[in-house]
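Reader: I would like to go through this model feature by feature. Please give the general idea of each term, then the case at hand.

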Amino acid sequence: MQNYICTTCGHQFAESERPPERCPICEDDRQYVNPRGQSWTILDELAREHHNTFMPLEKGLTGIGTQPDFAIGQRALLIQASKGNVLWDCVSLIDKATFEAIEKLGGISSLAISHPHLVGSMVEWSHAFGDAPIYLHADHKPWIQRSDPVIEFWEGEMLELKEGLTLHRCGGHFEGSTVLLWPEGADGRGVLLSGDTMYVTPDRKHISFMYSYPNFIPLSVTAVDRIVGTVRSLQYDRIYGHFTDLEIEANAKRVVQESALRYKQAMGYSS
Ligand SMILES: [Zn+2]
Ligand SMILES: [Zn+2]
């Protein structure tokens, strides 16, 4: 029995004797099936040719990525909050070196995941760190392929974690797409970890929005208004996206407002 991992989206599945026949996440409009056919790996195999890298981003925040790139290629973000460490989003690879590096940073007390594309091997990560709870919006439940008692599906629009961070359901890309607010970040000015609910664009001066990133299906103006409306009352000055180097360093609240207006104008909205 193995927990197979889809090589295109990086999602780890429930134990099975043989690789699953299909990956529902990749068959959805918001992803794609490997053009050479659905393929799978397992953790040991992945660890043979990949390793995780650790990038300090600011005081109390570390980016964790896998090299060479695997599946979607996102980073996880480890927040060292004063009341405990939270891992935001996840990657597929966890190995001894990763465990030891994170132990040195104080371990993990909770995990929070934005949406089904950035799940990786979250259950393995939780088990490695004393069954730390994993917080996922309940709307994501049908997409999660490996259930486990450590997963806590939360409902509603906002959840406060015991570490003092808050999760906010914005919807859009996925109905349960979530962002995380870290009030102590950016020297107390506040940091928003946006996943791809708000995609930090490569110019690092804007964010954008999509229903499907790989297949270029935009979000409606109504959905964008809902996302921007959800984060309007939050206090933050900086945004970290889900890929390395995609960050809005300062004045992020203004960037969000201006980017939303730019997006809506591109969609034909006037006034
Ligand atoms: Zn997949
Ligand atoms: Zn996504």
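**Metal sites and pocket**

Author: Cys6 (SG), Cys9 (SG), Cys23 (SG) and Cys26 (SG) coordinate the zinc ion (ligand 1) at 2.3 Å. Donors are N, O and S atoms within 2.8 Å of the metal (3.2 Å for Na, K and Ca); water is not among the atoms, so sites may look incomplete. This is a predicted model, in which local features need pLDDT of at least 70 and side-chain atom pairs pLDDT 80 or more, while totals for chains, interfaces and linings use all residues. Residues are numbered from 1 along each chain as its sequence is written, chains are lettered from A and ligands numbered from 1 in the order in which they are written, and side-chain values use heavy atoms, without hydrogens and water.

Reader: What arrangement do the four donor atoms around the zinc ion (ligand 1) have?

Author: Four donors count as tetrahedral if all angles lie between 85 and 135 degrees; four count as square planar and six as octahedral if opposite donors are over 155 degrees apart and all others between 65 and 115; anything else is irregular. Here the angles are 103 to 116°, so the arrangement is tetrahedral. The donor residues follow the spacing C-x2-C-x13-C-x2-C. Cys6 belongs to strand β1 (residues 5-6) and Cys26 to helix α1 (residues 24-27), so the pair ties together parts 20 residues apart in sequence. Helices (H or I, at least four residues) and strands (E, at least two) are DSSP runs, numbered from the N terminus.

Reader: Which residues are the protein donors of the zinc ion (ligand 2)?

Author: They are His115 (NE2), His117 (ND1), His173 (NE2) and Asp196 (OD), 2.1 to 2.2 Å from the ion. The site of the zinc ion (ligand 2) is irregular, with angles of 94 to 161° among its four donor atoms. Its donor residues are spaced H-x1-H-x55-H-x22-D in sequence.

Reader: Is His115 buried or exposed?

Author: Buried means under 20% relative accessible area, exposed over 50%, partly exposed in between (1.4 Å probe, protein chains only). His115 has 0% relative accessibility and therefore counts as buried; His117, at 4%, is buried too. Cys6 and Cys26 are both buried. Asp44, in helix α2 (residues 43-49), is exposed, with a relative accessible area of 57%.

Reader: Which residues of the lining lie nearest the centre of the largest pocket?

Author: A pocket is an open set of points on a 1 Å grid over the protein atoms alone, where a 1.4 Å probe fits, with protein on both sides within 12 Å along at least five of seven lines; lining residues have an atom within 4 Å of a point. Gln31, Ile72, Tyr213, Pro214 and Phe243 lie nearest the centre, among 15 lining residues.
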